[in-house]
Amino acid sequence: MKNTPQDAPQIDNVDHSRRRWLAGMASLPVAAGMLSLPAMAKPNVPPPHHSPRKTGAGLDGAADHFSIDGTYINGAYMHPVTNKAADAMRTYLDARLMNANANATDMSGNRDKAMELFGKLMNADKDELAWVSTTTDGENLVVSGLGLPYTKGRVVTDLYHFDGALYMYNELAKQGLDLHVVKPRGNRIHLEDMDKAITPGTKLVSVTMVSNVAGFQHDLKALCDLAHSRGAMVYADLIQAAGTTPIDLHACGVDFAACATYKWLMGDFGIAFMYARRESQQALKRVEWGYREIGKFKTHFLPFDPPADHFLDSAPAEGLAGIVGVGTLSNAAPAALVPSLEYLQKLGIDRIEKWRQPMLKRLHEAVPRLGYTAMTPEDSKSAIIAFSKKDVWKELSPKLKKAGVQVTVYRNYFRIAPSFYNSMDDIERLIEALS
């Protein structure tokens, strides 16, 4: 199986593709200049069989609900699932095995329940949500649904957006899209720079709410208010925010959003949530057709069907699912999502955010003293914090592997992503390994 986390730094040709991307972008109009993107390297993976964390660690003793080996401060790469979620996936596998326990799994019920729980967690209504395969799939459906490919429509994004999305917009710019890319200043994307770029006539503003690069977090409501005042719509990639950062989709005003489930939502690969505000759905054209869109399907060709002069009566369902639903998606992921989302709801996303703040503060204090440069604003509350140093992967990868500490190490920077099962002991163990 070749499923790969959205920002997995594990293939050398990512470096080459990013250099080609920067070269191609040089000829495009840019709102506030450009910034070179750091190259990637392989993540460190600690050896197995490190001693387990002490009992009762984490928020409300959360570590006891996991079976993590070693010190894993890497939720932004791929979040571990709880023991209960793993059990739910095993139960799903019973259904796939057709064994004696096969009837214990209601796969459709898992999917419906998971969608209900996600809607409550994010404050979104059922008709505003749909299943898609990946975050990128959701963004593509928005871009295509708005009719942007092969047009001169104006799109504004920034260099902290996910690189797969930047690639998409860069390729569309070659076909005529009027693309404007805002660069960071002082490790932030400033609203005033977005203000300059979002001119009247802008069709779409597309951002990652919490950047996978270094954890910068957009004020999504402020950005949506600004974009809407210019007649533009807003798409937000939520994959590094959903499940770890408080989000109210109705209150922030975002038009469209998507997030896969294998990170902070503790689901698995192969399924993602897509959101489209009810009032914004009318702007989306249907660009794919499949059985998950079906609202009405009455045949006139099967045995005992009522006769008619046509073979089928069909119509799409109401809501977002009737616009973007297509075909078969993962059933294992919803099985994991139900206990995971219930657990997140029980803990409270605001408490999860609060739990990591002392850990982030400690990292901001200690790591720069060891010769690393902070890439994340000190007032950032997101679950990602990053530090840079030239060729840091050569220095850190063996150290962290020996210490049994896992974070994501890129060629010239490393990214730390504490979750609610982590504790200050984990942070001190990381700092010691960095020393």
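## Reading helices and burial in a predicted model

Guide: Helix α4 (residues 135-145) and helix α5 (residues 163-174) pack at an angle of about 25°, their axes being 11 Å apart. This is a predicted model, in which local features need pLDDT of at least 70 and side-chain atom pairs count only at pLDDT 80 or more, while totals for chains, interfaces and linings use all residues. Residues are numbered from 1 along each chain as its sequence is written, and side-chain values use heavy atoms, with hydrogens and water left out.

Visitor: Which two quantities describe two packed helices?

Guide: Two packed helices are described by the angle between their axes and the distance between the axes. Axes are lines fitted to C-alpha atoms, for helices over the stretch in contact, and angles run from 0 to 180 degrees between N-to-C directions. Here the angle makes α4 roughly parallel to α5, a label that is given to angles under 35 degrees. Helices themselves are DSSP runs (H or I, at least four residues), as strands are (E, at least two), numbered from the N terminus.

Visitor: Which residues of α4 and α5 meet?

Guide: Contact means heavy atoms within 4.5 Å. By that criterion E139, N140 and V143 in α4 meet A165, M168, Y169 and L172 in α5. The residues of this contact divide into five nonpolar, one polar and one charged, where Ala, Val, Leu, Ile, Met, Phe, Trp, Tyr, Cys and Pro count as nonpolar, Asp, Glu, Lys and Arg as charged, and the others, Gly among them, as polar.

Visitor: Is S340 buried or exposed?

Guide: S340, which lies in helix α10 (residues 332-347), counts as buried at 0% relative accessibility. Leaving aside neighbours within four places in sequence, S340 is in contact with A85, L265 and M266. K402, in helix α12 (residues 392-403), is exposed, with a relative accessible area of 75%.

Visitor: What share of the protein is made up of buried residues?

Guide: Buried residues make up 54% of the 435 residues, in a protein with 13 helices and 15 strands.

Terms used. Angles under 35 degrees count as roughly parallel, over 145 as roughly antiparallel, 65 to 115 as roughly perpendicular and the rest as oblique. Buried means under 20% relative accessible area, exposed over 50%, partly exposed in between (1.4 Å probe, protein chains only).
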